[in-house]
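The sequence and structure come first.

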Amino acid sequence: MKSLLDPFGRSIDYVRLSVTDRCDLRCDYCMPRGFSDFEVPEHWLSFAEIERVIGAFARLGVSRIRLTGGEPLVRKNIPSLARRLRALPGVEDLSLSTNATRLDKHAAALKAAGVSRINVSLDSLRAERFKAITQGKLEKVLRGLMAGKQAGFAPIKINMVVMGGVNDDEVEDMVEFCLQHDFTLRFIETMPMGATGRAASARYVDFQTVRARLEKRFELIPGVMPGGGPARYVQVAGTALRIGFITPISQHFCASCNRVRLAVDGTLYLCLGQDDKVELRPLLRQGISDGELEQALVAAIANKPERHEFTEKPEQVVRFMSLTGG
Ligand code: SAM
Ligand code: SF4
């Protein structure tokens, strides 16, 4: 079994694939209000180009792929892309991050295409507040979530970006909601990605405080989550509910980083919090061979930075999350 090793001895086996930089929501901390300066369609990697890059990664030892964006489900025919990627030799796990606004239409097709797990962003259970944060309709997301459950995705993870004075009073409600529906819950610290992320980071909430608050109402015991990635988990005693804390700021997890990100225009970003990147689109369109593509990927991984510097240099990353594939 091949393994793609970076200079710090980390094995890269996971690619987050942004299939679009567009989105039907405008979450406060992610995409600027009124933003519409999107990548032109001629620059989008085609499904065939994506398949080539992911195929090359898989031959080098990558086994896990996550479809993300922007909002992946605003791009047409994602179930058909999912099917093609899942069929590639070496790809063992295909997952999706979505805001769920369109999940009711696509859940069954995605499941049939081989997507096994989904993560859904949900920052509030109150319709007005949800609208204020995302500009979208909560009812659509809830409908999408229930369709995901119906289609048999397991686990479904809810990702909540916790912001002081915005939605931090809802952490208990979110636990109850996840208990009721058998979802996994993850609280995420805001990252200073772009001006939007930096502005939202000002409403930073200490997760020790969140945990202490939850402990007043729920008995939390140490928990584990298979393939849980960077989250540290606790479990609500006597239930199956796992709660993860994703703390890129207060306790970064760069030492165990196993991933890179491919943007819709074919830019391979080597770290979420650094600008190191390789442009794959020109190589693909100049007719690079499969062997040369593999060499380009190996060379790219040799330049993977050691860690992000969100705390030391919060102004450093000018692109916002939806451009990178969060
Ligand atoms: N549209 C999909 C969604 O919302 O799940 C997928 C893409 S979105 C960029 C992926 C994740 O990034 C979401 O969970 C979102 O909450 C998170 N995100 C976006 N901007 C962020 C920021 N500045 N800090 C922390 N998380 C952020
Ligand atoms: Fe869209 Fe996801 Fe960014 Fe919200 S977090 S604006 S849903 S890409």
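## Contacts of F187

Contact here means heavy atoms within 4.5 Å. Beyond its neighbours within four places in sequence, F187 is in contact with M160, V162, V171, V175, F207, V210, L214, I243, G244, F245 and I246.

## Basis

This is a predicted model, in which local features need pLDDT of at least 70 and side-chain atom pairs count only at pLDDT 80 or more, while totals for chains, interfaces and linings use all residues. Residues are numbered from 1 along each chain as its sequence is written, ligands are numbered from 1 in the order in which they are written, and side-chain values use heavy atoms, without hydrogens and water.

## Nonpolar core

A nonpolar core is a set of buried Ala, Val, Leu, Ile, Met, Phe, Trp, Tyr and Cys residues joined through side-chain atoms within 4.5 Å; buried means under 20% relative accessible area (1.4 Å probe, protein chains only). The largest such core has 93 residues, and L67, F187 and I243 have the most contacts inside it. Helix α1 supplies the largest share of this core, seven residues.

Helices are DSSP runs of H or I with at least four residues, and strands are E runs of at least two, numbered from the N terminus. Buried residues of α1 (residues 47–59) include F47, I50, V53 and F57. G61, with a positive phi near 120 degrees, follows α1.

In α6 (residues 171–181), V171, E172, M174, V175, F177, C178 and H181 are buried. Their cover includes α5, α8 and the strands β5, β6, β8 and β9.

Key: Expected span 1.5 Å × (residues − 1). Buried < 20%, exposed > 50% of the residue type's maximum accessible area, 1.4 Å probe, protein only.
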